[in-house]
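Biologist: Hi! Could you walk me through this structure?

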Amino acid sequence: MRLAHISDLHLTASDAPGLVRADATARARALIRDLSALPGLDLVVITGDTVNDARPQEYAVLSDLLAGLSVPFVIVPGNHDDRALLRAVVPDRPYADPHLLHHVWQRGDVRVIALDSVSPTEVAGRLLDPQLDWLAEQLARPFAGHTLVALHHPPCASGMGRLDGALLIQGAQRLRALLDAQDRPVTILCGHLHRPFTARFGRSTVHAATSTAFQFALALDAPDEPPTVTQPFHHALHLLQADGGHIVHQRFPDLDGLADA
Ligand SMILES: [Fe+2]
């Protein structure tokens, strides 16, 4: 199975304020077109902050964008999302809760467990016990394939100074214990920091994706929010093999060139 991981689209319906690039939505559209044309792609995982201001008009943009994606997808919400509005865009999922968006996507020997780490009114994320109880139930089911967990907030520090103050601030320890008890190491996909990095979290490997809307500069131990920087966009392409192998490539689609196409 081939899985593309993208994150933090921060779609806007008009001129974007603040850090978001003015062409963020055009770049996201270009990325979706690029992924739709990628031969052999089986799944796209989008780890939150689909829109910038959680406005209905932005979710209309998201709905239109997803209609052009020719590949199955899994979405988790980020701190910029509105759960109810996002759920209305993607209503046809086996959500395990009337409000939160956690659910499981499974095909063959790959399962993606989507977690909802949003804590309304906070930038940081939380996983509360009811959702972790549900996760424990899913992990207890017999399954011999690849298990991936998708959530917006990284469960471990990145070394990026102040940004590390707004990661997953509740539930990370139990999450780690649950995943460490699995027979096979689990892969965690997240976003939120607008900076790509890889980390070990217990026995799991964390892959954090950058953003199409803006990227932070690498500023280790930064006491303040780091500056944004324009660097070539890339995203991870995971090759999940039947023999248990797991290869991660980095793709560098030219979003600016594609946006003009
Ligand atoms: Fe974001």
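Modeller: Happy to; we'll talk about a metal site and then a helix. This is a predicted model, where local features need pLDDT of at least 70, side-chain atom pairs count only at pLDDT 80 or more, and totals for chains, interfaces and linings use all residues. Residues are numbered from 1 along each chain as its sequence is written, and side-chain values use heavy atoms, with hydrogens and water left out.

Biologist: Great. Which residues coordinate the iron ion?

Modeller: Asp 8 (OD), His 10 (NE2), Asp 49 (OD) and His 194 (NE2), at 2.0 to 2.2 Å. Donors here are N, O and S atoms within 2.8 Å of the metal (3.2 Å for Na, K and Ca), and water is not among the atoms, so sites may look incomplete.

Biologist: And where do Asp 8 and His 194 lie?

Modeller: Asp 8 is in the loop between β1 (2-6) and α1, and His 194 is in the loop between β9 (187-190) and β10 (197-201), so the pair ties together parts that are 186 residues apart in sequence.

Biologist: Is Asp 8 buried or exposed?

Modeller: Asp 8 counts as buried, at 0% relative accessibility. Buried means under 20% relative accessible area, exposed over 50%, and partly exposed in between (1.4 Å probe, protein chains only).

Biologist: New topic: which residues of α2 are buried?

Modeller: Glu 58, Tyr 59, Val 61, Leu 62, Leu 65 and Leu 66. Seen down the axis of α2, they fall within an arc of 150 degrees, so they line one face of the helix. That arc is taken from the directions from the helix axis to the C-beta atoms.

Biologist: What does the face turned away carry?

Modeller: That face of α2 carries the exposed residues Pro 56 and Ala 67.

Methods: Helix = DSSP H or I, 4+ residues; strand = E, 2+ residues; numbered from the N terminus.
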